[in-house]
Amino acid sequence: MIHVEPFEDASELITRWPKNGLLLVHDDGRAIGALLNQMGRLGQWLPVIGFAQEPTTRQVVTAVLEGAIDYIAWPFSGEEISRVVNEAEAKAEVFGSAKLREALARSRVDRLTKREKEVLAGVAGGLSNRMIGEKLSISPRTVEIHRANMLTKMGANHTSEAIRIAIEAALVT
């Protein structure tokens, strides 16, 4: 038995965020990416299954690359949606904790200014304050200030923790 709770749009979903389940999202070319970005900002994650009438291969690939766990063509039968939901639940068990960590990390990285993100990328790339400063055309002292602000905003105690958060947020590889 599948329980369905429809939401008018993403803003309504966000105000009544479910504790568990799957999200079946109509793919209009923007909704899936926007919802997954919002989940990252909120630090919450639920598996997303995209659907559309006669989706193109490109549409399906884009949705999956954005983070959808599966995709189904509309209209679908009860058997089809049951199969997709069961498969998505199994995938969510495997990927769920990693996706949640990524969402939480993204919400922490999103707190940073553009310049602090640039400093974080430099630190993660193994650059010294002097080298980061040269790359960004700022002084090493300014890099130190951005680095300290970055650690505070991310809630990181050490640079290595900030780098781990950036990796989990898929900011750096």
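**Sheet, rings and cores**

Let me start with S2 and S3, two strands that pair in the parallel sense over five bridges. Please keep in mind that this is a predicted model.

Those strands belong to an open sheet of three, in the order S1-S2-S3, with parallel pairing. S1 and S3 are the edge strands, each pairing on one side only. From one strand to the next, the twist averages 30 degrees.

Within the sheet, Phe 51 stands opposite Ile 72 in S3. Which helix packs on the sheet? That is H2, which touches S1, S2 and S3. The direction of H2 makes about 140 degrees with that of S1.

Now the aromatic rings. How many aromatic pairs does the structure hold? There are three. One of them joins Phe 51 and Trp 74; the pair is tilted, at 5.9 Å centre to centre with 50 degrees between the planes. Phe 51 lies in strand S2 and Trp 74 in strand S3, so this pair ties together parts that are 23 residues apart in sequence.

Are these two residues buried or partly exposed? Phe 51 is buried, because its relative accessible area of 14% falls under the 20% cut-off. Trp 74, with a relative accessible area of 41%, is partly exposed.

Trp 74 also pairs with Phe 76. Why is that pair called edge-to-face? The ring centres are 5.0 Å apart and the planes stand at 85 degrees, and planes over 60 degrees apart count as edge-to-face. Through ring pairs, Phe 51, Trp 74 and Phe 76 are linked into a cluster.

Next, the cores. The largest nonpolar core has 25 residues, and those touching the most other members are Leu 23, Ile 32, Leu 35, Met 39, Trp 45, Val 48 and Ile 49. Two or more residues each come from strand S1 (23–26), helix H2 (31–42), strand S2 (48–53), strand S3 (70–74) and helix H4 (78–109). H4 gives the largest share, six residues.

Take Val 48 as an example from that core. Leaving aside residues up to four places away in sequence, what does Val 48 touch? Its contacts are Leu 23, Val 25, Ile 32, Leu 35, Leu 36, Met 39, Ala 68, Ile 69 and Asp 70.

There is also a second, separate core of twelve residues, and Met 150, Ala 162, Ala 166 and Ala 169 are among them.

That is what I have for today.

Definitions and conventions
Residues are numbered from 1 along each chain as its sequence is written. This is a predicted model: local features need pLDDT of at least 70, side-chain atom pairs count only at pLDDT 80 or more; totals for chains, interfaces and linings use all residues. Side-chain values use heavy atoms; hydrogens and water are left out. A nonpolar core is a set of buried Ala, Val, Leu, Ile, Met, Phe, Trp, Tyr and Cys residues joined through side-chain atoms within 4.5 Å. Buried means under 20% relative accessible area, exposed over 50%, partly exposed in between (1.4 Å probe, protein chains only). Helices (H or I, at least four residues) and strands (E, at least two) are DSSP runs, numbered from the N terminus. Contact means heavy atoms within 4.5 Å. Rings of Phe, Tyr and Trp (its six-membered ring) pair if their centres lie within 6.5 Å; planes under 30 degrees apart count as stacked, over 60 as edge-to-face and the rest as tilted. Two strands pair if DSSP finds at least two bridges between them. Axes are lines fitted to C-alpha atoms, for helices over the stretch in contact, and angles run from 0 to 180 degrees between N-to-C directions.
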